[in-house]
Amino acid sequence: MEKTKRNNLLIIAMLVVATGLITFFLPSKNFRSLSYQQGKPWSYPMLKAPFDIPIEYDSLTKHHIIDSINANFVKIYRTDYKLVNKQLTALSKALNAQGVDPAQRQAIVASVNTLYDNGIVDYDTYDAIAHNRMPQVRILTNKVADFVSTDKMVSVRQAYAELDTMLPGPAYRATLSAVSIANYLQPNVLYDSVETKKLLDDAYQKALAPRGVVQTGESIIFPGNVVTPQKYMVLQTYERMMREREMHPNGINYSVLGQLLFVAIMMIVFYIYIKLMRPRTFDNLRKMVFLISFSTVFIVMVEIIVAFRPSYMPIIPFALVPIIIATFTDTRTAFFINMVVVMLCSLVADNQAEFIVMQFLAGNIAIVSIKELSRRSQLARCAAYIFLVYSLCFISFQVLREGNMMSVFTDNNWHPFLKYAINCVVLSFAYILIFLIEKIFGFTSTVTLVELSDINTPVLRELSEACPGTFQHSLQVANLAAEAAHEIGANPQLARAGALYHDIGKIDNPAFFTENQNGVNPHDSLTPDQSARIVINHVTDGVKRADKAKLPQVIKDFILQHHGKGRTRYFYTMACKAHPGEEVDPAPYTYPGPNPRTKEAAILMMADACEAAARSLKNPSEKDIANMVNNIIDGQMRDGLFNDSPISFNDIGVIKATLTERLRTFFHLRVAYPDDIKPVVKADEESDDEDLQLS
């Protein structure tokens, strides 16, 4: 109980970490830019306005309006009266200092004042005036901008020339030169960039004011509708406003909270499904670590790839998930986890609906076409099916968007097919990933079991050479176990592989086992406990050989469990007979166990005992075989050897019937003729009677 509670907490902790990692690598926004073009059909579902959206001008019209405003806008200037007073006062003092007579002084000051009244501007402004680009300006006085003609406005240089015209004669020239009149000529009509920008922005805002509003809940665009310029601008405004609304004014990014909540919900559903619907998988901590870590790593890798190369999304082999999961668990678990992965990865997909449909179909095809991965050709066939599914889905979605079939073969639409082909090629390398997972988590895939079932492996070759009888026994038991496993829905390939290796410990002492003896029985010279020790040791010897051959743990479990904690009944009985009236300790005659813990190990125990016992029968009838099978398996049940395995009474009944039928065919029972009908056999055909046997 304590271990179960600890494992449960560990699983919850792993799911919390997985939720954090997946959310961390997700984009920091929940709104993804939509993919659409002006003049093309809308490929998404109907879009409704989640808030009021202003109907703005399209970009071309905006440019025309802005250009028109810029061309007709009159810039804002202001007159610096303080500068004028300062300059005129300084000029009067300079003229007094030079001893200029009052009349000449007054004329000079008045002329300069006239220039300031007309307006002295900077060189850039004067250049625009001289080239007729600025016929008038607006002079801002007391927050009121009055239009003023620029005809009489001059630059500093032009003002100096104007003075020469206004004050002719050498006397004035000498005086102006003496006081350095240029020092008293500065621009007094100055450009006001702040007010100009403010008024220009006001003009833009008024001219570009929305022409209407798409109210909350109103449809923006329907599937298949052409994106007109007006619709395009509404969609652009919708996207801009969605991005602006992502960040709350308080600085809380609610999109991240939404992502975290969604991922957490999917992880909770994952936990509930495995715990309730797949309790055996949930109780296997190693499998849970694999399922959580594999799913998380795959999702995070997808998020990273899409973050840097969004165009690589169609290349990612999502069908790899159900294939790998089904290889090490079961198809229902693979189906469910595939949907969880697809739903979470849809957060980074451009068109979520199409993505979910395509990956859902591809995952189902992968599960159906590879129920039990055992050959490379299965992966190639599966990849071909998935390419076909991707291609058909793309064609159907393209026709729905464009409204015609020819659109599939135009506009470089062959690129997706190339990406789907690359996807399927990458999928073909699942064998490498399966191998890595086996090494990391200690699993044994069906692929490995098929390889182990090859009788040319070194261990089985040695068994066939050293113990030919045991080897034949193992082959027969393998066939029986595989057939029984198939009938009750267990793993036939696992049962076959375990049966082939369950007796490899007999290689060390082949002569001490009856199937390898030729008339001489070495047990005749041994005491019962010595004989029992040698027989029992074939279990531990088998595990040692399995370790040396680096066989997977699941095969070692078959070696350990195929006798469970049963007794060597023959030698225990002999010991009891040798010590009548005494209580014989059963411990030396009991196998170390443990008892079978899987259906496949329980099947092997039944098949092993029944096949060995059947060899001792002389010309058995079908009834004899059935009684023998029932007696052996019922005895194993009475001894509690199946208490630790998940096998049911119904399973045991099916196994009994299967073993009886298969053993009957092994012995090729003769056809029994009725007493009142005798076959007529010629003398030269009597030998053929031996061939009248049941198959």
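**Exercise 1.** Which residue takes a positive phi in the hairpin of β4 and β5?

*Solution.* This is a predicted model, in which local features need pLDDT of at least 70 and side-chain atom pairs count only at pLDDT 80 or more, while totals for chains, interfaces and linings use all residues. Residues are numbered from 1 along each chain as its sequence is written, and side-chain values use heavy atoms, with hydrogens and water left out. Helices (H or I, at least four residues) and strands (E, at least two) are DSSP runs, numbered from the N terminus. Now look at the hairpin of β4 and β5: two residues lie between the strands, and Asn142 has a positive phi near 50 degrees.

**Exercise 2.** Work out the order of the strands in the open sheet of four strands.

*Solution.* Start with the pairs; two strands pair if DSSP finds at least two bridges between them.
- β4 and β5 pair in the antiparallel sense over six bridges, and Arg138 has Phe147 of β5 as its bridge partner.
- Strand β3 (residues 76-79) and strand β4 (residues 136-141) pair in the parallel sense over two bridges, with Ile76 opposite Arg138.
- β3 and β6 pair in the antiparallel sense over three bridges, and here Arg78 faces Leu190 of β6.

Put together, the order reads β5-β4-β3-β6, with mixed pairing. β5 (144-149) and β6 (189-191) are at the edges with a single partner strand each, so one side of each has no neighbour in the sheet. From one strand to the next, the twist averages 40 degrees.

**Exercise 3.** Describe how helix α23 packs against helix α24.

*Solution.* Two packed helices are described by the angle between their axes and the distance between the axes. Axes are lines fitted to C-alpha atoms, for helices over the stretch in contact, and angles run from 0 to 180 degrees between N-to-C directions. For α23 (residues 528-548) and α24 (residues 553-561), the axes come within 8 Å and cross at roughly 170 degrees. α23 is therefore roughly antiparallel to α24 (an angle over 145 degrees). On the α23 side, the contact (heavy atoms within 4.5 Å) is made by Val539, Gly542, Val543, Ala546 and Asp547, and on the α24 side by Lys556, Ile559 and Leu560.

**Exercise 4.** Describe the surroundings of Glu438.

*Solution.* Glu438 belongs to helix α18 (residues 430-441). Its relative accessibility is 11%, so Glu438 counts as buried. Leaving out residues up to four places away in sequence, Glu438 touches Phe328, Phe443, Thr444, Ser445 and Thr448. Finally, check a C-alpha distance: Glu438 and Pro552 are 114 residues apart along the chain, and their C-alpha atoms are separated by 9.4 Å.

Methods:
Angles under 35 degrees count as roughly parallel, over 145 as roughly antiparallel, 65 to 115 as roughly perpendicular and the rest as oblique. Buried means under 20% relative accessible area, exposed over 50%, partly exposed in between (1.4 Å probe, protein chains only).
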